[in-house]
Each structure stands twice: as structure tokens, then as C-alpha cells.
Amino acid sequence: MPILGVHIMQLLGLNNVTTKYGDLTAIRDVSINVEEGHIISIVGSNGAGKTTLLNTISGVLPSAGGTITFAGKEISHLPPHRIVEEGIIQVPEGRLLFPDMTVLENLELGAFNRRSRKDIPALLEAVFNYFPKLQDRSDQMAGTLSGGEQQMVAIGRGLMAKPKLLMMDEPSLGLSPLVVKTVFETISKIKSDGITILLVEQNVLQSLMISDDVYVLENGSIILNGQGRELMDDPRVREAYLGI
Amino acid sequence: MGEVIIQLVINGLLLGGLYALLSIGLTLIFGVLEIVNFAHGEFLMISMYLAFLLFSFFGMDPYLSLIVILPVFFLFGYAIEKIIIKPLLNDPPLNQIFATIGLGLIFSNVALLLFKADFRTVKTPYSDVNLIFGNFFVSVPRLIAFLIAIALIAALLVYLKKTFTGKAIRALAQQRKAAMLMGIDVHRTYAIAFGIGIACVGAAGAVLLPLFFVFPTVGSLFSLIAFVIVILGGYNSLAGSLVAGLIIGLIEGFSGFFISPHLKEVVYFVLFIFILIFRPTGLFGKR
């Protein structure tokens, strides 16, 4: 944290976090720092431990070591629903919508936590502002939507939870280039609405471009950290992730 | 002949509504917790005894006893989930099967100890009363059982559709991880769903009492029917259980008349085998 200049508050801090599946260590001694109002990206190849990291923060997986703090409070051992109550919301990989519920019901369930429940009408309006198309589809079963529309519902459902930190796991996976562009525009818009974002992406170039800070995860450990523009010029990143 | 058919349809549907209530809790528990509750029939037996005791000691009508049985059985189910089911949720299915079978054995043996193997029944003023509509008659206790069953099932479906907790239960059944990520307390919701499932079978026991005997192993008789209905209905579809309950009621009515009342179990089993061969996902199943 700088002594002079802009004082930026740490929102999420991971300090030497380790997560295991049985005897197998999936992430080891990971330390990251997410500052309020920023977009932080985590890039890395398949199986590097990106999703494990998000699930550990969400409390879906228990951490085997280290501490996680959020807005100054330790949350390492809270159950998932308490972490949502704190304001950390994950938009999971593969959308994971409730397929036999309508778009509206999916969005309403996003606001299940106590902080958001009473504000459902206003939150719905905000989400339909982001994604006008969802308003027309609100009575349609979520399972019948196209991939791009499903991703909109997934992000919208996350926004319904009034996130302080929105964690997005591969939001552009499996979408057409045009839809990918919209997804990244949405992410920038969410940031400009004051929501901090932790982004996991296989679309490295795009995420480097919009991120304030980037961590490179390999075999469960952070091997590089820097600003997005800075890492775009790093020869290791260029070769391994950008293919140039 | 046409009149006989209509009479059989009336009898079958009335019975089927009760069967649907009997099974819907099993379906709910399986759909949400993915646990097969092999003690389901024994919960029915306990509720029949409880209604019997309330009738014997306090003269409480079995239908009226629902106001006691529904909350007591909800809490009973809630507690059983917390104490016995929750520790087993991540265990192999075999452990879960043994645990619920064991629970059922304990229940039926405790009942044997307390009540002996006697068949007991209650005699209510309406036990043998029939309503006559032209050439057809409708048994009053069966009609009341049917109406209560349908009303409770409708209330359950509305609850699941409209309330936050109901939506959480459905969400958990459809996509467990996403439900967790939406801030749904999984363990609390599991316990509530289990409690509701047990309350349903408890209600079925109370409305069954004026129609049937109660004895310590009465549960196994009805759990057989419940399992056939759950599978016919598609394992985790509540609407499927309702329709399947009505179908089984009709089959029982017709096979009892045209074949023999003593062979009704044979008919269920033949049907059961045919479902497993030709439509293993049930009538409304997706998987």
C-alpha cells in the first residue's frame, strides 16, 4: 500500500493459501491482493488451479493453510452462504444456471442473501439495464437459452447478489467472438459501476487489456504478478499465453 | 359394465391421491438430498401409531390430529437429517442405504416392543359411511383422505414455487454448486427438505389410519407402493409422483376387480419390472 499518493483499500487478501484434494495439493502458498475498484485477472493454463482458487475463496473448498481476509475480516473458514453474505459472489465456470427455472427465478435466486432480498425490484431493473434482452426472456426456462444468453443470466444472477467483489470464472468460454466482445464490455461496465472484479480467463490477451493487475498461476503457484500492460510485454507471457 | 368401470375409476383415484401423498416425501428427499430413505414406510407406521394414540387417549379425530402430526413430523425429520443423514451425505451410497434401512429396523422393532404385533384400528363415526350419487357410491373416509392429500400436495407445490425457502429447495435439487454460490445454506435447506418429506408421509399415516390397520411392520407394505410410484413418476418429479400415485391407485382398483385383490402386489411388481425395462427414467424423468 503506498504511503504517499492515492490510498487504495485492500478488499480481498490471500496470504499463503493452500488447498488440497485429499493428498494432492491443488494450489500452494498463493498470495494475492485485490484492491477495491480494480479488475484483477488470474491467467494460467488448464489445470493450473484457477477454479480451485475461486472455489477456495467462495468457501466451497476448504483451505488447508493460509488466511483469506475480506474488507479487513478473516473469512478463511466461513461456509459458502456466509461468504456470499459478506459480498463475495462467484459467477461459476459453465454458468451453472438452474435449468428448470425461468430466467426471472434464476435472477431472483441471485438475490437470495439477506442483504439483497428486499431490493429485488431495483436489482432486477439494474440487471435488465445491463442486459435488456433478458427482460424479454424472463419467463423462458433458463435451460433453453443460447450460450451467450445463459452467460448473461449467470452474470445477472451474480449482480443480483449485490457483490462487493464479483469473481468470474471463464465468462467467455464457449461463446462466439461477437458475444465474447460483449462479455468483456460488460465486465468493464461492471467495474465502472464500482464493483471490484476478480477474473479468471483463458482469453489472456483480452483480460490483460482490461485488468489493473494480473497474476499468472502455474501448477498451483503464482509465478508472475504485474500490471496488465506490463505483462503483455513480458517474453514469458507472450510465448506461453499469447503465442507471439 | 360401464357403471362398474366408473365406480372403479372413482375408487382408484381416491386411493391414488393418498398414495401420491404417501410417495411425494420420498420423491422430494431423493430429488434434493439424493438419498433413498429406506425408512420411509416406518415413518408412516410411527405416524399411524401417533394418530392411534391421540385417538385412544384424547379422542382426537385422525384428521384433526394432522395439526399435531405435521409439525411434530417436520421436526422429527429435521432432527433425523441433522443427526443421521448429514454425516453420511458424502459417504458411498451403500453406507446411506444401510443407515436408513437400520433406522427403519430400529423403528419397527421399538414399535413391536411398545405395541406388540397386534393389529390395531380406530372406529370413527364415519368409518363405514358412503355417499351415494345415483348408482355410484363414495366412501367418506376415502374421500376425506383424498381431499386432504390433494390439498397438502397442492400446498407443497405452491410453497416450492413461491417462497424463498421453497425456491432454495428447488435450486439445490437442480444445481447444487450454484445454489451454494447464491448464498443458500445447504445443510439447513437439506434439513428443511427432509423435514417436509417426513411431514408428508406423516400426514399420509394420519389419513390412512381410519382406512387401515396399524401394526409394527405396516410400513413395509406401503413403502413398496411408494417406491413403485417414485420410479414410475421419474425419481425426482413431484408432479410425476402425483400422476404416478393416481395411476397406481387406478391399477390397484382395476386389478383388484378384474384379477384378484390378493394379486395386487404381483401386478405392481410386473409393472415395476416393465418400467425398469422399457422406461427406466419413469414417466416424467429426464435422466
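Mentor: With one residue. This is a predicted model. Setting aside neighbours within four places in sequence, A:Asn33 is in contact with A:Gln10 and A:Gly13. A:Asn33 belongs to strand 2 of chain A, residues 24-35.

Trainee: Why is A:Asn33 classed as partly exposed?

Mentor: Count the C-beta atoms around it. A residue is buried at 20 or more others within 10 Å, and exposed at 12 or fewer. A:Asn33 has 16 within 10 Å, so it is partly exposed.

Trainee: What radius of gyration does chain A have, and what would a compact globule have?

Mentor: Chain A has 18 Å; a compact globule of 244 residues would have a value near 18 Å, so the two agree. Of the 244 residues, 45% count as buried. Take contacts in chain A with a separation of 6 or more: residues 24 or more positions apart account for 67% of them.

Trainee: How do I describe two packed helices?

Mentor: By the angle between their axes and the distance between the axes. Take helix 3 (residues 103-110) and helix 7 (residues 147-160) of chain A: their axes come within 6 Å and cross at roughly 35°. The crossing is right-handed.

Trainee: Which residues make the contact?

Mentor: Helix 3 of chain A gives A:Val103, A:Asn106, A:Leu107, A:Leu109 and A:Gly110. Helix 7 of chain A gives A:Val153, A:Gly156, A:Arg157, A:Gly158 and A:Met160. By class, that is five nonpolar, four polar and one charged.

Trainee: And between chains? How many residues does each chain bring to the contact?

Mentor: Chain B brings 15 and chain A brings 20. On the chain B side, the largest share, six residues, comes from helix 6. By class, that side has eight nonpolar, three polar and four charged residues.

Trainee: Is helix 6 of chain B mostly covered or mostly open?

Mentor: Mostly covered: eight of its eleven residues are buried. Among them are B:Ile169, B:Arg170 and B:Leu172. The buried residues pack against helix 3 of chain A, together with helix 1, helix 5, helix 7 and helix 8 of chain B.

Note on methods. Residues numbered from 1 in each chain as written. Chains lettered and ligands numbered in written order. Predicted model: local features only at pLDDT ≥ 70, side-chain atom pairs only at ≥ 80, totals over all residues. Axes fitted to C-alpha atoms, helices over the stretch in contact; angles between N-to-C directions. Helix = DSSP H or I, 4+ residues; strand = E, 2+ residues; numbered from the N terminus. Left-handed = near helix turned anticlockwise from the far one by under 90°. Contact = placed C-beta atoms within 7 Å. Nonpolar A, V, L, I, M, F, W, Y, C, P; charged D, E, K, R; others polar. Rg over C-alpha atoms; globule rule 2.2 N^0.38 Å.
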